[in-house]
Amino acid sequence: MTKLSLPSHAVHLTTFAELEPYVLAFGAGHLNLLMIFGPPGVGKSRSVRQALGNQVCWIGGQATPFGIYLQAYEHRNQPIVLDDVDGLYADRLGIRLLKALGQTERTKTVSWQTAAPTLGQCSIPRQFTTTSRVVLIGNDWKTLNHDVAALEDRGHLLLFEPSPLEVHRQAARWFWDQEIFDFIAGHLHLMAQHSLRTYSHAWELKQAGLDWRQGVLCRCLTGVALAVAKLRANPDFASEAERVRAFVQSGAGCRASYFRHAQKLRPAVRPSKILLTQTSPPADKASPNNHLDQLRRRFGRLGNG
């Protein structure tokens, strides 16, 4: 697992039980700036969405600093979630805007001083005050300069790195296909970094009649080990002897090589079986309103205004 270069004062969390109180504390109004960073696919955004619902200004994707300014004005005094902010802190205008929104005072002053004709079109001032509290969510973060360090000092900085087993247990709360779930459970020990998206991706492949087992295995194995794992997961083979024969005939290696890799693929301790309570996919829920999309449709690309 790649370690993120967060500052030493970041709080390191490894379980959802540890993360949840911080998100709930933000939702209750106790935290002004909450910054959550960690590997992709471990449920950072999902955890925030479940706790806060849609009663926030949710800004995701490739949001520009100017687009964020427009939304911060439109939704002033409301909580703001900036999802997938990787790289925004490296933008001079972006970090200035984040510092303003992350001020520790309850009422903050936010301004946009560069030329921006769009402000006039939208009847938005170059400066406004707001009481919005902010959540930043991302996969990467670097203390590039003093401005970034100043932003870090304004908020509660969390590094969320759950283990593959912890991610698997979290998936049990909402996933619905026991066959896929159990197959992934048997390969957790091979995953240096697990993702909740693995479950839904496998389900998509299964629904399409494609090899979903291969889809799971390709996320954690390569080379000869992958070839052996695919053979062992293939239900078309009736015996280990047939698998060995197919392995040798494919040119992947000899019989001894097959058994050597097969032994490495076996978990030292298999996780306890978890019975899923869901039996079907959840009903579609409306995604958090991303109001930047509405502005883009109205005014086109939102660069610097």
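Let's start at Ser 47, which sits in helix α2 (residues 44-52). Keep in mind that this is a predicted model. Is Ser 47 buried or exposed? Its relative accessibility is 13%, and the cut-off for buried is under 20%, so Ser 47 counts as buried. Leaving aside residues up to four places away in sequence, Ser 47 touches Phe 16, Leu 19 and Val 23. Helix α1 covers residues 16-27, so that takes us on to the sheet.

**The sheet and the helices across it**

Here six strands come together as an open sheet, with parallel pairing and the order β1-β8-β2-β7-β4-β3. On the edges you'll find β1 (11-13) and β3 (57-59), each of which pairs on one side only. On average, neighbouring strands of this sheet are turned by 20° against each other, ignoring direction.

His 12 has Leu 159 in β8 as its bridge partner.

| Helix | Residues | Lies across | Angle to β2 |
|---|---|---|---|
| α1 | residues 16-27 | β1, β2 (33-37), β7 (134-138) and β8 | about 150° |
| α6 | residues 146-154 | β2, β7 and β8 | about 110° |

**Helix α8**

Now for α8 (residues 178-185). Six of its eight residues are buried, so the rest of the structure largely encloses this helix. Which residues of α8 are the buried ones? They are Ile 180, Phe 181, Asp 182, Phe 183, Ile 184 and Ala 185. As for what surrounds them, the buried residues of α8 pack against α7 (164-171), α9 (197-207), α10 (212-217) and α11 (223-233). At the start of α8, Asp 177 has a side-chain oxygen that reaches to within 3.1 Å of the backbone nitrogen of Glu 179.

**Where α11 meets α13**

One of the packing partners of α8, helix α11, also meets helix α13 (residues 255-265): their axes come within 9 Å and cross at roughly 80°. That angle makes α11 roughly perpendicular to α13. From α11, the residues taking part are Val 224, Ala 225, Val 228, Ala 229, Leu 231 and Arg 232. Facing them from α13 are Ser 257, Tyr 258, His 261, Ala 262 and Leu 265. Sort the residues of this contact by type and you get eight nonpolar, two polar and one charged.

Conventions:
Residues numbered from 1 in each chain as written. Predicted model: local features only at pLDDT ≥ 70, side-chain atom pairs only at ≥ 80, totals over all residues. Heavy atoms only, no water. Pairing = 2+ DSSP bridges. Helix = DSSP H or I, 4+ residues; strand = E, 2+ residues; numbered from the N terminus. Axes fitted to C-alpha atoms, helices over the stretch in contact; angles between N-to-C directions. Contact = heavy atoms within 4.5 Å. Buried < 20%, exposed > 50% of the residue type's maximum accessible area, 1.4 Å probe, protein only. Polar contact = N/O pair within 3.5 Å; in protein donor to acceptor, adjacent residues only side chain to side chain. Parallel < 35°, antiparallel > 145°, perpendicular 65-115°, else oblique. Nonpolar A, V, L, I, M, F, W, Y, C, P; charged D, E, K, R; others polar.
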